Amino acid sequence: MEQKTQPSFWKKNQRALAPWLFLAPGMIMFLIYVIYPIFESVNLSFYEWDGLGAKTYIGVQNYVDLLDDDSFYTSLWNNLIWLLLYMLAIPAGLAVALFLNQTVAGIRIYKSLFFFPFVISQVVVGLIFTWFYAPGFGILPHVFNFFTGTPIAILADERYATYGVIAAGLWPQTAYCMILYLTGLNNISPDQVEAARMDKAKGWSMLWHIILPQLRPATFIALVVTIIGALRSFDLISIMTVGGPGGATRVLSYFMYEKSFSEYGFAMGYGAAIAVVLFAIMLVFISLFIVRMLSQERNA
Amino acid sequence: MTYFKTLTGMALGLALSASTALAGEIVLNSDQSDPAPKKAMEELIAGFEKANPDIKVKWNNFDHEGYKSAIRNFLTADAPDVAAWYAGNRMAPFVKAGLFEDVSDVWKDAGLDDQLKSAAASMTMDGKKWGVPYTYYQWGIYYNKDVYKKAGVTEPKNWAEFVANCEKFKAAGVDCVTTGNKGGWPAAGIFDYINMRTNGYEFHMDLTAGKVKWTDEKVKATFAEWAKIVPYMSANSNAIDWQDAAALLAQGKAANYVMGNFAVATFKQGGMTNDNLGFMIFPEITAGIPRAEEAPTDTFHIPSGAKNKADAKKFLAYVASPDAQTAMNGILGQLPVNNKATAADDPYIKAGFEELSSAYALAQFFDRDAPADMAKAGMDGFQEFIGKPESIDAILEKLQKVADKVYK
């Protein structure tokens, strides 16, 4: 109808409008499923609500309680451990990628095999590692028993459980970083490598001064996905330890789930407060990276 | 993601089915997803439809775990006429939110106050009845008779003997007590029993209701008793599922398992028979304290948003009747709540019937007697205690801190 009554308007503004029309479906989805829930969560965190009855406004009480909650600090601390140790996936992925970046018969098969853990579900990864660690029929306690004389059940001991879960997470994450670096290595300019060779660069100096700078975009993406992966870790904890023993392996996202949605969770407002804290932490990291990325793009 | 889709699909299906429910049809939501409970429900519905030919039952059977979160949605969004749930504090959030209908009249009309006496207290809140119980099961100690024989140990008469036996089991290279505490609740059963045997039923109820402090000397006494057997418990019990620990008992690597009667099927799958699987009542700790038992009760309720409440009440009355409970529990392998019903001819069910009918009082179970957030914190604490019994004071301080918030 509009086109008939005002044919000139569409013609005149077609170029300006078209991108917005193409963007509209995505933007509407983003508004409904991302932006709106963020504000709703922040709003909910100021209420006490069991998910069933009436909501009661309690101001910042949820946040005050949170600061007084030992489980919150355990979760925060575990998130930090996750964040730091998950970074190991980047050098590990780079190492595997460099190792696989050669032309021998059947290399594609080896590449696929190394990428395999990223393709299977995190739930399956969690189960495999749980059985690997399991006292009784898992192999790792037997290995410990052989060397030290005492079988250690990683997931039953609150000192080691978090590290055990992170080790399981590193397996697929390394594969992810590897694939990022492999694609990066494909784009390395052979001229520069050739030129560096002429200047007698090899080994570490070649890697450090020639290869790595060209892999910077891959490193950047690997860093971002690893940080996000570490902060949103949930499935592995849920499968491997259910947050235990004694709540020692909880991270913020699992803590939030437990408070709001699990069998014993009726504290929607409290859960929302945890979600807001987690969101704030992610926001800091992500905006730091975006700012850096933008400034680099401008300088380039 | 597929799981979520199934749920949404189910919710959508429910919405459609409920809105098209005819007069003379009741919609029933429940979570009998395992084979035996499913068959019991089919029998129950068939029996009800036979007794009330003008009423049809539309049954939506949910996955057991998914039901726990689904019920919150369907009670508020699109209520069925009858919903399955649990007694005690587990129904408190729904009762307080006004989502369950008062069914005191069903109890009165059918004379249930007398017939369902043992479960009356756990169905009552604010002086009203909020549902009808249809089954419960006992908890106790399941033990491997072969292991007892091998270690030269006889069934203990009290706690001191039980603890003394543990030393002998250790000498025989067997775990005295096993449990698979990854889920947290198996240890809650041990705590409930030791606390009820040390301090009595009233104290246990006061504790779960927040009337006494976790830092109380009496609670410390309970954990002191528990600490006596912690060194003899299966190592790493916090990392394994309860079924895996059941295997330890069946294989003769452990002697005793504090469990609910539903575990008998698992023990038998592991190769145990009526000849070598023994059952005993949890031994006495403080002499002279009246014996209370755990008997988690499963129930049916009418949501306050139900459309066909008249027929739903007929269904509840039928569920409560002796015949229906005899038939249903015969298939479930559990105990009927109605005292006029007959328990099945099975040694463990008979033992459970003896145990519960002679008990001074019945507890529901830690996570049904205590409010949800307290239950969760408590089970975390028990896990921690099993791992590090020496840090009990810090654990109790932590629990009291949670309790201060939960029961304010």
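Predicted model: local features only at pLDDT ≥ 70, side-chain atom pairs only at ≥ 80, totals over all residues.
Chain B has an open sheet of five strands, ordered β2-β1-β3-β12-β6, with mixed pairing. As background, strands of a sheet pair through backbone hydrogen bonds, either parallel or antiparallel. At the edges you'll find β2 (56-61) and β6 (132-136) of chain B, each with a single partner strand, so one side of each has no neighbour in the sheet. Going from one strand to the next, the twist averages 25 degrees.

Now zoom in on β3(B). Strand β1 (residues 25-30) of chain B runs parallel to β3(B), and two bridges join them; here L28(B) has V82(B) as its bridge partner. Strand β3 (residues 82-86) of chain B also pairs with strand β12 (residues 297-301) of chain B, this time in the antiparallel sense and over four bridges.

How enclosed is β3(B) by the rest of the structure? Largely, because five of its five residues are buried. Both faces are covered: V82(B), A84(B) and Y86(B) are buried on one side, and A83(B) and W85(B) are buried on the other.

Next, a helix. Helix α15 (residues 309-320) of chain B has 12 residues and spans 16 Å from its first C-alpha to its last, close to the 16 Å expected at 1.5 Å a residue.

In soluble globular proteins, nonpolar side chains tend to be buried together. The largest nonpolar core here has 180 residues, and I274(A), L316(B) and V319(B) touch the most other members. Helix α9 (residues 161-186) of chain A gives this core its largest share, 13 residues. As for V319(B), leaving out residues up to four places away in sequence, its contacts are L44(B), V132(B), Y134(B), F300(B) and A324(B).

A couple of backbone angles are worth a look too. Most residues other than glycine have a negative phi, and most peptide bonds are trans. D126(B) has a positive phi, near 55 degrees, and lies in the loop between β4 (124-125) and β5 (128-129) of chain B. F365(B) also has a positive phi, near 145 degrees, and is found in the loop between β13 (361-363) and α18 (366-369) of chain B. Are these residues buried or exposed? D126(B) counts as exposed because it has 8 C-beta neighbours inside 10 Å, where exposed means 12 or fewer. F365(B) has 24 such neighbours inside 10 Å and so counts as buried, the threshold being 20 or more.

Finally, the place where the two chains meet. The contact takes 29 residues from chain B and 23 residues from chain A. On the chain B side, the elements giving two or more residues are α3 (64-77), α4 (92-96), α19 (372-387) and α20 (392-406). The largest share on that side, nine residues, comes from α19(B). By residue type, the chain B side divides into nine nonpolar, nine polar and 11 charged.

Methods
Residues numbered from 1 in each chain as written. Chains lettered and ligands numbered in written order. Contact = placed C-beta atoms within 7 Å. Nonpolar A, V, L, I, M, F, W, Y, C, P; charged D, E, K, R; others polar. Pairing = 2+ DSSP bridges. Axes fitted to C-alpha atoms, helices over the stretch in contact; angles between N-to-C directions. Expected span 1.5 Å × (residues − 1). Core = buried A, V, L, I, M, F, W, Y, C linked by C-beta atoms within 7 Å.
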